[in-house]
Amino acid sequence: MSIDWAKLPPPQPAPDLDSQGFWDSIGHGELRLRRCPSCALWHHPPLEHCRRCATPTEFEPVTSTGTVYTFIVQRQPAVVGYSALVPYTVAIVELDDQPGLRLTGRIVDIDADEVHIGMRVDSRIELLPGGDFHIPVFSPTLPREATP
Amino acid sequence: MDLSGAAIVGIGRTAYRRQSGRTGISLAAEAVRVALDDAGLAPADVDGMTCFSTGDPATPHRVSHAIGLDEIGWTVNTYAGGNQVALVIANAAAAIITGQADVVVVYRVLDAGVRYGKVTDAVEVGGVEQFSAPHGYLVPPQWFAMWARRHQHVYGSTCEDLGAIAINSRAHAVANEHAIARDPIDLDDYLAGRWIVEPFRVYDLAYEVDGAVALVLTSAERAKDLAHRAVYPIGAAEGTGAGGMPDLWPDQTSMYSRIVAPRLWERTGLSAADIDVACMYDCFTYTVMATFEDFGFCEKGEVGDYFRAGRATYGGDVVVNPHGGLLSEGYLHGLNHHYEAVLQLRGGAGVRQVDDAELALVTAGAGPYGGAIVYGTERPC
């Protein structure tokens, strides 16, 4: 049996008890991550209890802006459902809320050659083809100091 | 107590092929038999067996049965990739030193058909990858291309620097009849290689093969009576950071080796300058770059110049991957690096023998997790 990769959808997330709130909230149009109500530490990937002070964490809205820590340009098909999108750019973005708080996502609305480390980005939420899940993608924005 | 109460006394391997057409069990059993024969031992002498895999069917139980054993004592099947090769070998040595086993076989088999399976239907991904896979970001070349880009940004390293590592490995593989990729390449060839995931071209990635490698360990005492000069693991260290999650590692210009190198050098009383042969885990060229710096062979950002100046080959400071590494000998998940280190320290590497090789560093792993072993021709005093 031959498989037509291009016709298969992208990988779908399999939420767990700790992450369900992330997928629920992003499905309702809001990016929320787990945060410790006691010491204010953000956690991603999510943890039920704070890794620093062991307090139960809660989902809170996070700012949608951040800075590109590093990125790749995928030139060959490597992941099911993405064959038709190559070349595409994926970045690790450090969110403004906390040093080291990182989200991974595609960079859109800009040529791959123009993406650079340190670039300011804002996230928006898109439907993930193949199901009902939504994911964040990032697009370039003005430098932080130039933001009105 | 150090690990040199145990010794490596036998090495074995199958041919490395793009498609072997054989099962993992068959490949593993062949490599294990060859290694035992090399040691002058028989399957009946084996009472311990261990491997690492991500759920392959060729378990120590099955492989020990396949080489004719009706029973086996100490077995450990470690769920791991190349990041835990050093740990698996160190555990085998510890089992011998603590009297849990007398003769232990360590093996790794790769059989492309089963390693990652095949996609036949929609894919659901849980765990930490539930936050990355839906973005078309799932496989190791993508993770480590991220790291390489960061190093380029911080230290000004270049694709030409990564190319110098690939070219060095390939030049060594030319003399290695066991290597899968033996056509020499120069910088033009490297730069003409197709992009896979920027900043990685095709020559930056390990060359995947089917095959198996096996090592036989026994006590240093018993080793004296066996066929070959014993090779001793004289120190090992392991380290993991950021929960083993590549995207969370704080500074991607360094790897696990930032944790492991000081531990290893402290435990052995050695430094990079003492090492004759360095079998650096090279799933990607960048893995060599970051770990080579962390182990102290050169300063951050100097790897390209170091390799271009001939310091990583015969006649230089240290011979890096004389077999061609995962990049050119073949991707045996790093156990082939240990095979090569033993061969070199025995003086049995033929045309690619490193003169007066007495100490070999073998690293295992990339990114947030890994380990390393130093092997020597003599036990430490």
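The structure is a predicted model, in which local features need pLDDT of at least 70, side-chain atom pairs count only at pLDDT 80 or more, and totals for chains, interfaces and linings use all residues. Residues are numbered from 1 along each chain as its sequence is written, and chains are lettered from A and ligands numbered from 1 in the order in which they are written. Helices (H or I, at least four residues) and strands (E, at least two) are DSSP runs, numbered from the N terminus.

**Sheet of chain B**

- Chain B holds an open sheet of five strands in the order 1-8-4-2-3, with mixed pairing; two strands pair if DSSP finds at least two bridges between them.
- Strand 1 (6–13) and strand 3 (74–79) of chain B are at the edges with a single partner strand each, so one side of each has no neighbour in the sheet.
- From one strand to the next, the twist averages 15 degrees.
- Seven bridges pair strand 1 of chain B with strand 8 (residues 211–219) of chain B in the antiparallel sense, and B:Gly12 stands opposite B:Ala214 in strand 8.

**Helix 3 of chain B**

- Helix 3 (residues 85–97) of chain B has 13 residues and reaches 19 Å from its first C-alpha to its last, close to the 18 Å expected (1.5 Å times one less than its number of residues).
- Eleven of the 13 residues of helix 3 of chain B are buried, so the helix is largely enclosed by the rest of the structure; a residue is buried if 20 or more other C-beta atoms, placed from the backbone, lie within 10 Å of its own.
- The buried residues include B:Val85, B:Leu87, B:Ile89 and B:Ile96.

**Domains of chain A**

- The domain assignment, which is automatic or from a database, gives domain 1 (14–62) and domain 2 (63–148) of chain A.
- The centres of the two domains, taken over C-alpha atoms, are 20 Å apart.

**Contact between chains A and B**

- The contact takes 38 residues from chain A and 32 residues from chain B, counting residues whose C-beta atoms, placed from the backbone, lie within 7 Å.
- Helix 5 (140–155) of chain B gives the most to the side of chain B that touches chain A, with six residues.
- Strand 1 (residues 12–13) of chain A runs parallel to strand 5 of chain B and is joined to it by two bridges; A:Pro13 has B:Val125 as its bridge partner.

Notes:
Axes fitted to C-alpha atoms, helices over the stretch in contact; angles between N-to-C directions. Buried ≥ 20, exposed ≤ 12 C-beta atoms within 10 Å, placed from the backbone. Contact = placed C-beta atoms within 7 Å.
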